[in-house]
Amino acid sequence: MPLLIPPAQRSIVVIGKENTGKSQLVASLTGRLPYSMNFRGSTIACDTYVGDGLTVVDTPGILYRSDRVTTQAALAQLKTHDTVLLVIKATHVDEDLADLWPLVVGKRGIVVITFWDKLSHARFTQQIVQCWEQTSNLAFIPIDARHLTPGQHHEIRAALQDPTVFSQQWQPIPAGWRIEPRPTLLEHPHFGWLVAIILLLLPTLLAVWFANNFAAVADPLVQTLIKPLVDVLANIPLSLPKAMLIGRYGLLTMGPLLWVWAVPTVILYALCLGTYKASGLVERITVALHPLLHPLGLSGRDLVRVVMGFGCNVPAVISTRACSSCARKTCISAIAFGSACSYQFGATLAVFSAAHWPSLVVPYLGYLTLTTLIYTRLIAPKSARSLHNRLMIEHRTFLERPRLATIWRETQGTLHQFFTNAIPIFVAITLIASILDELGLLTAAASIIHPLMQIFRLPPEAALPMILASIRKDGLLLFAEAKTLSALTPLQILTGVYLAGVLLPCLVTALTIAREQSLRFALALMGRQAIAATCFSLILAWGGYWFSGALANEVLPLSTSSNLCQLHAMTELSSLRVRTETYANTENSNFLPHPRLLGSVPELQ
């Protein structure tokens, strides 16, 4: 009986510049999603699509005269494949042919011209394409990648069955046109940068607002559903398995925090930024912000990635593959220092709310932004700040109305990175933290660093949140314990949350950085970040303390200095009384504090 051998897959590599619609075209041709997902619409790895007897490798967009990792990956794929689908933009067809044709000389393939809908379909444009086909003996197929018709789909697949050689001797007749999109407010010479900043921060604000409202509804439901299971597991005789499941850092204790707070934030954030990418806003924002950031050693592209880290640091770090070699390490450092991921930002808001000081989020974000910019400027190499190191963007992108299918495709890439990279490490860290807590090692470590808290004008209660936040950023929630909050002033809350958030990148981010760069670079980054965080926190703690004292002296007349001393003494006495009452009424808990478990801070009578 003869064996049934499946038809051989034809392997084709897709080559083109950024934002030419390569990924959309390949997905339409194969009807499949890639093995390796894209990040926010920018291909950062060589993605493989398989469908209908066709294997297509979608490469990252080639940035001409660039040394970034993604461009190198695209060129490496080009060397290993003989059949090429060359994608060029109709709006800049002469430039694309001049830049990309030398790369594919000697290969076999076809040429697809995207953004054909931006041209007026005059007879002259059709004649130019026909002339190119006749003189080069290659198939030139003009399309709109966003709306590929069945006829165009069939024409491309048929041409790929019989590809011809890209000849070195061919010289195309110049088309003579160059079409640029109309400028918007983002290109305004005076306030375009302000519009760009507002648009860049808007997804963060929406994601946080949605996460808080969603958690207020979903969290009680989730706790009700898992309570019977927790009650059953509480009867486990062995203490270590019980701690790993329902202890302070157990899976069932930390899991609801992940699914109720972090996952909705990441999903909404991915949808918002996926919309930005599908519409072309990301590149416009990049260009608008670049002049402000270049003196700091970053580009507009890098800032977009830093802000993306507010959803999840892991995909943001991976996306730095598209950075130039002189700026990539600086961008990774900025993400590790200043990108408050969904865990960290959600926990920070919970602490401020529990302390009845939600307005602290304003100075927190302001100081975090300022210190991130200073830190970035200090570590950026001179080559990144050089006037000769310009932002390499080929041209201004067209703004399009994003389609739901395209937005979802962008979102899937981010979610894939989150669930395959962050979630497994989250589970591992939760189990490790439970074991360390059960063995008493976390408490021992906290007792060792108790004296160090005085340097930052913080009480000993701040030691344990510092340790846990260095492992996982939601360890910040330990600041929200009633016992800890009663010992802190608003300035101390701000200092403690800031220091715990930026002292070290969380373990998930640190492992991702080590995998993307090297273990040596990750360790050096953590040491450098710890030194910077310590200095900035000392400035915040002592500067805020002296400033508040000076402000009080200016507001109150000198003649009332004795009254001021009495007021200070009364405040300290009341604070001590509150702490004593709180310590007496606070019972030990076997789980990590969560906003739902926090009581109000006792008010002074």
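## Burial and overall make-up

Of the 605 residues of the protein chain, 51% count as buried, where buried means under 20% relative accessible area, exposed over 50% and partly exposed in between (1.4 Å probe, protein chains only). The model is predicted, so local features need pLDDT of at least 70 and side-chain atom pairs count only at pLDDT 80 or more, while totals for chains, interfaces and linings use all residues. Residues are numbered from 1 along each chain as its sequence is written, and side-chain values use heavy atoms, with hydrogens and water left out.

The chain holds 24 helices and seven strands; these are DSSP runs (helices H or I, at least four residues; strands E, at least two), numbered from the N terminus. Of the contacts with a separation of 6 or more, 77% are between residues 24 or more positions apart, a contact being heavy atoms within 4.5 Å.

## Nonpolar cores

A nonpolar core is a set of buried Ala, Val, Leu, Ile, Met, Phe, Trp, Tyr and Cys residues joined through side-chain atoms within 4.5 Å. The largest has 51 residues, and Phe-337, Phe-352, Tyr-364, Phe-479, Ile-493, Val-497 and Tyr-498 have the most contacts inside it. Helices that each supply at least two residues of this core include H13 (342-354), H14 (361-379) and H23 (519-555).

## Helix H9

Helix H9 (residues 281-293) has 13 residues and reaches 18 Å from its first C-alpha to its last. That is close to the expected 18 Å, taken as 1.5 Å times one less than the number of residues. A kink of about 30° lies at Val-287, shortly before Pro-291; the bend is the angle between axes fitted to the seven residues ending there and the seven starting there.

Of the 13 residues of H9, 10 are buried, including Glu-283, Arg-284 and His-290.

## Strands E4 and E5

Strands E4 (residues 83-89) and E5 run parallel and are joined by seven bridges; strands pair if DSSP finds at least two bridges between them. Val-87 has Val-112 in E5 as its bridge partner. Six of the seven residues of E5 (residues 108-114) are buried.

## Positive phi angles

Most residues other than glycine have a negative phi. Phe-115, in the loop between E5 and helix H4 (123-136), has a phi near 60°. Its relative accessibility is 15%, so Phe-115 counts as buried.

Arg-457 also has a positive phi, of about 60°, and lies in the loop between helix H18 (450-453) and H19. With a relative accessible area of 24%, Arg-457 is partly exposed.
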